[in-house]
Amino acid sequence: NDIQSELNNPQLAQHFNTFYTDDGHLIDENFDKDESRKYSFLLGLYIRYGERVYDDVYKIRIINSSKDKILYPLLKDLGCNKIYYKMLRNFIPVSEYFYFEATPIMIKYFKKVDSIKADDLNVFVQHPFLKNLREEDRKEMERVMMENKEKEMQMLKNWFSANEF
């Protein structure tokens, strides 16, 4: 019943609505013992909000959503032992990052959909905003983005190699 989204198939809408309360929160009972639903939900989050950072480490960014309360227990339940959580409160929108070392079955699922996922950096670089910038400003922005991505990767490599879980 969210004004910002619409599903034009009444049967599918009715089915999907059974997973949520009237105020839009996911109903946890739908996951109880059905691993296929758990992986399906995780895969949906990955397609929409996730990316591979390096090796077996992935991230999912949750923005202004109650899904953050489900993701951590879901990752633990599906066998992730290494999870790093980061919240950016002083930004709009508030963003929550879940970095995790994916299990082999997760990686198998993620690889199957990688071909249909957009490369976030390339999509951003193609955005009209960037195309209208002066060449030197656009290049500087791309440089900073790549530098930040590298810093993120180094921070995660250090954290995941520390084995303090």
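Here is a short chat about the sheet and the aromatic rings of this predicted model.

Reader: What makes E1 and E2 paired strands?

Author: Two strands pair if there are at least two bridges between them. Strand E1 (residues 50–54) is joined to E2 by 4 bridges, so the pair meets that definition. The two strands run antiparallel. Among the partners, Tyr-54 is bridged to Val-57 in E2, and Arg-52 stands opposite Tyr-58.

Reader: What is the strand order of the open sheet?

Author: The order is E1-E2-E4-E3, 4 strands with antiparallel pairing.

Reader: Why are E1 and E3 called edge strands?

Author: E1 and strand E3 (83–88) each pair on one side only. From one strand to the next, the twist averages 25 degrees.

Reader: Which helix packs on the sheet?

Author: Helix H3 (residues 68–77), touching E2, E3 and E4. The direction of H3 makes about 5 degrees with that of E4.

Reader: Why is E2 said to be largely enclosed?

Author: Buried means under 20% relative accessible area. In strand E2 (residues 57–63), 5 of the 7 residues are buried, so the strand is largely enclosed by the rest of the structure. Tyr-58 counts as buried because its relative accessible area is 1%.

Reader: On to the rings. How many aromatic pairs are there in the whole structure?

Author: A search finds 11.

Reader: Why is the pair of Tyr-46 and Phe-110 called stacked?

Author: Ring centres must lie within 6.5 Å, and planes under 30 degrees apart count as stacked. Here the centres are 4.1 Å apart and the planes are at 25 degrees, so the pair is stacked. Tyr-46 sits in helix H2 (residues 35–49) and Phe-110 in helix H4 (residues 104–113), so the pair ties together parts 64 residues apart in sequence.

Reader: How do you know that Tyr-46 is buried?

Author: Its relative accessibility is 1%, and the cut-off for buried is under 20%. Phe-110 is buried as well, with a relative accessible area of 1%.

Reader: What makes the pair of Tyr-58 and Phe-110 tilted?

Author: Stacked needs planes under 30 degrees apart and edge-to-face needs over 60. The planes of Tyr-58 and Phe-110 are at 50 degrees, with 4.8 Å centre to centre, and that makes the pair tilted. This pair links distant parts of the chain, with Tyr-58 in strand E2 and Phe-110 in helix H4, 52 residues apart.

Reader: Why is Lys-86 said to sit over the ring of Tyr-97?

Author: One part of the test is a charged atom within 6 Å of the ring centre. The charged end of Lys-86 is 5.4 Å from the centre of the Tyr-97 ring and sits over that ring. Lys-157 likewise sits over the ring of Tyr-54, with its charged end 5.2 Å from the centre.

Reader: Which residues join Tyr-97 in a ring cluster?

Author: Ring pairs link Tyr-97 with Tyr-84, Tyr-99, Trp-159 and Phe-160.

Methods:
Residues are numbered from 1 along each chain as its sequence is written. This is a predicted model: local features need pLDDT of at least 70, side-chain atom pairs count only at pLDDT 80 or more; totals for chains, interfaces and linings use all residues. Side-chain values use heavy atoms; hydrogens and water are left out. Buried means under 20% relative accessible area, exposed over 50%, partly exposed in between (1.4 Å probe, protein chains only). Axes are lines fitted to C-alpha atoms, for helices over the stretch in contact, and angles run from 0 to 180 degrees between N-to-C directions. Contact means heavy atoms within 4.5 Å. Rings of Phe, Tyr and Trp (its six-membered ring) pair if their centres lie within 6.5 Å; planes under 30 degrees apart count as stacked, over 60 as edge-to-face and the rest as tilted. A charge sits over a ring if NZ of Lys or CZ of Arg is within 6 Å of the ring centre and within 35 degrees of the ring normal.
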